[in-house]
Amino acid sequence: MPAVSTLTDEEKSRVKSAIPKSLNKIHTAALARVYYAHPDPNDWSYAGLQGALAFAYDNTRNAFYFRLVDLVGTRGIMWEHELYEGFEYFQDRPFF
């Protein structure tokens, strides 16, 4: 079954412009919002950031990143998080 993207062609173009192919390898991207749970890990809050979340490998830093790209304005990459060696992920929902 072929993969179905949630991004339009214009949105994909914005992601590729913000995360240039010459320096990165984009593995996938989808619409997303950023939430945080600090200082209480059980109390989630919306950070006010939304756009296209790309999972990419940065060739200059030799590391994987989540990068959130602005799809409405001109801010480019608004947020990023490195998936450093030893990074642990616990799936708390079946859809994430």
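Five aromatic pairs turn up in this predicted model, where rings of Phe, Tyr and Trp (its six-membered ring) pair if their centres lie within 6.5 Å, with planes under 30 degrees apart called stacked, over 60 edge-to-face and the rest tilted. One of them is tilted: Tyr35 and Tyr46, 5.4 Å centre to centre with 45° between the planes. Tyr35 sits in strand β1 and Tyr46 in strand β2, so this pair ties together parts 11 residues apart in sequence. Then there's Tyr57 with Phe64, where the centres are 4.8 Å apart and the planes at 65°, so that pair is edge-to-face. Ring pairs also link Phe55, Tyr57, Phe64 and Phe66 into a cluster.

How open are these rings? The table uses relative accessible area, with buried under 20%, exposed over 50% and partly exposed in between (1.4 Å probe, protein chains only).

| Residue | Relative accessibility | Class |
|---|---|---|
| Tyr35 | 42% | partly exposed |
| Tyr46 | 34% | partly exposed |
| Tyr57 | 23% | partly exposed |
| Phe64 | 32% | partly exposed |

Now the strands, which are DSSP runs (E, at least two residues) numbered from the N terminus; two of them pair if DSSP finds at least two bridges between them. β1 (residues 24–36) runs antiparallel to β2 over 11 bridges, with Arg33 opposite Gln50 in β2. Seven bridges join β2 to β3 (residues 63–69), again antiparallel, and Leu53 stands opposite Leu68 there.

Between β1 and β2 lies Pro39, joined to His38 by a cis peptide bond with omega about 5°. The β2–β3 hairpin has four residues between its strands, and Asn62 takes a positive phi near 55° there. Asn62 is exposed at 55% relative accessibility. Most residues other than glycine have a negative phi, and most peptide bonds are trans.

Housekeeping: residues are numbered from 1 along each chain as its sequence is written. In this predicted model, local features need pLDDT of at least 70 and side-chain atom pairs 80 or more, while totals for chains, interfaces and linings use all residues, and side-chain values use heavy atoms, leaving out hydrogens and water.
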